[in-house]
Structure formats: C-alpha cells, structure tokens
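Here are my notes for your first pass through this model. Keep the sequence and the 3D view open as you read.

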Amino acid sequence: MGSEMCIRDRMKPLQLEINETLYDFTADFAFLREINKGVKVSVDENVKKDVGLSYQVSFMLAGDMEALVTVLMAMNAGQKPRVKKEDLEKYIVDVEDIEALVDSVLDFLSTANVSHTIVSKMLLETGYIPMKNRAPQEA
C-alpha cells in the first residue's frame, strides 16, 4: 500500500528464544548504522563509505559464524531485551540446525527495506539456495 501502510503492517522482527528469553532482531536504521560502521572503504581520496552489511553478509554466505554473531548483535541493537554476545554465541554453538538459522537471517535481511537491495543482489549473484530448497545429497 505504499505510503498508506499502517504501523501494524510493518515487518515483524525475527525472534529467537535464548536461555528461555525471547529476543527480537530487526533490520531497521539502528541495525544498518551498527552493522555498516564496522567496515569502511575509500570511495576516493577524501570520502570513505561504511559497508559493513555487504562484508558481513558475504562472510555469512561463506559460513563464517562470527559474521552471523555480528549481524545478529546489530539486529538486536535498540531492542529490549538486549541479548548478551556470549549467550548468542552459546546459542549458535548449541543450535540444532545452524543452516536453518543462517537461512532465516538471510531471508529476513533480503526482505527488510533497509537491507533488501544489497542482500537480495548478493544472494542472486552467489546463487545462494536456502537449505530447505536444496536437493538432498546422496551418500
């Protein structure tokens, strides 16, 4: 509905239950500022650009779990309650289906307005296929 969209129609947060507490993870401007400030590149000799989202998503696509932690911590920025990094790391170590978690985060970022264009293009360019859509491997 474009500009007529109601507040109730906004994207629901990604939620994870960690240590019996439900945490919200969103992709809003607080997330974008937090994730982007981690990596700067020179556009020309006088201009630097924050590009952390692109870097962290590319690392996630390569299987880097530290990048997953970085992205999720940024997605939890400004949310209440705030997840502790050590609790999130333990959750990732213990989660039963890590591929499903990575897929959920990438899917969420590919549909959120602030990250859609960058993440969708990266997924398309790399040919990323979510685990649930992959053909089973033969033994």
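This is a predicted model: local features need pLDDT of at least 70, side-chain atom pairs count only at pLDDT 80 or more; totals for chains, interfaces and linings use all residues.

1. **A definition first.** A residue is buried under 20% relative accessible area, exposed over 50%, and partly exposed in between. Take Glu34, which sits in helix H1. Its relative accessible area is 36%, so Glu34 counts as partly exposed. Leaving aside residues up to four places away in sequence, Glu34 touches Ala74 and Ala77. Glu34 and Leu53 are 19 residues apart in sequence, yet their C-alpha atoms are 9.2 Å apart in space.

2. The mean pLDDT of the protein is 88, and 86% of its residues reach 70 or more. Where is confidence lowest, and where is it highest, in the protein? Strand S4 (residues 47-50) has the lowest mean, 84, while H4 has the highest, 98. Treat the start of the chain separately. Over residues 1-9, pLDDT stays under 50. For that stretch the model has zero contacts beyond four places in sequence.

3. **The overall plan.** There are six helices and four strands. Along the sequence they run β-β-α-β-β-α-α-α-α-α. Of the 139 residues, 34% are buried. Now take the contacts with a separation of 6 or more: 58% of them join residues 24 or more positions apart. The accessible surface comes to about 9500 Å², and carbon and sulfur atoms hold 51% of this surface.

4. **The core.** In soluble globular proteins, nonpolar side chains tend to be buried together. Here the largest nonpolar core has 34 residues. Phe31, Leu72, Met75, Val105 and Leu109 have the most contacts inside it. Two strands, S1 (14-18) and S2 (21-25), each give two or more residues to this core. So do the helices H1 (29-36), H2, H3 (65-75), H4 (85-94), H5 (98-111) and H6 (116-126). Which element gives the largest share of this core? H3 does, with eight residues.

5. **Phe31 up close.** Pick out Phe31 in the 3D view. Not counting residues up to four places away in sequence, Phe31 touches Thr26, Leu53, Val71, Ala74, Met75, Leu109, Val114 and Ser115. Two of these names, Met75 and Leu109, are also among the residues with the most contacts inside the core.

6. **H6 has two faces.** Which residues of H6 are buried? They are Val119, Met122 and Leu123. These residues lie on the same side of H6, because they cover an arc of only 95 degrees around the axis. The buried residues of H6 pack against H2 and H5. The face turned away from the buried side carries the exposed residues Lys121, Leu124 and Glu125. Just after H6, Gly127 takes a positive phi of about 70 degrees.

7. **An aromatic pair.** A search of the whole structure finds one aromatic pair. Tyr55 and Phe59 form it, edge-to-face, at 6.3 Å centre to centre and with 65 degrees between the planes. Planes over 60 degrees apart count as edge-to-face, which is why the pair gets that label. Both residues lie in helix H2 (residues 52-61), four residues apart, or about one turn of the helix. An α-helix has 3.6 residues a turn, so residues three or four places apart point the same way.

8. **Backbone points to check.** Most residues other than glycine have a negative phi, and most peptide bonds are trans. Look at the loop between S1 and S2, where Asn19 is found. Phi of Asn19 is near 50 degrees, a positive value. Glu20 is found in the loop between S1 and S2 too, with a positive phi near 65 degrees. Asn19 is exposed, with a relative accessible area of 56%. Glu20 is exposed as well, at 76%. Then go to the loop between H3 and H4, where Pro81 lies. The peptide bond from Lys80 to Pro81 is cis, with omega near 0 degrees.

Technical notes. Residues are numbered from 1 along each chain as its sequence is written. Side-chain values use heavy atoms; hydrogens and water are left out. Rings of Phe, Tyr and Trp (its six-membered ring) pair if their centres lie within 6.5 Å; planes under 30 degrees apart count as stacked, over 60 as edge-to-face and the rest as tilted. A nonpolar core is a set of buried Ala, Val, Leu, Ile, Met, Phe, Trp, Tyr and Cys residues joined through side-chain atoms within 4.5 Å. Buried means under 20% relative accessible area, exposed over 50%, partly exposed in between (1.4 Å probe, protein chains only). Contact means heavy atoms within 4.5 Å. pLDDT is the predictor's confidence in each residue, from 0 to 100. Accessible areas come from the Shrake-Rupley method with a 1.4 Å probe; for residues, only the protein chains shown count as cover. The arc is that of the directions from the helix axis to the C-beta atoms.
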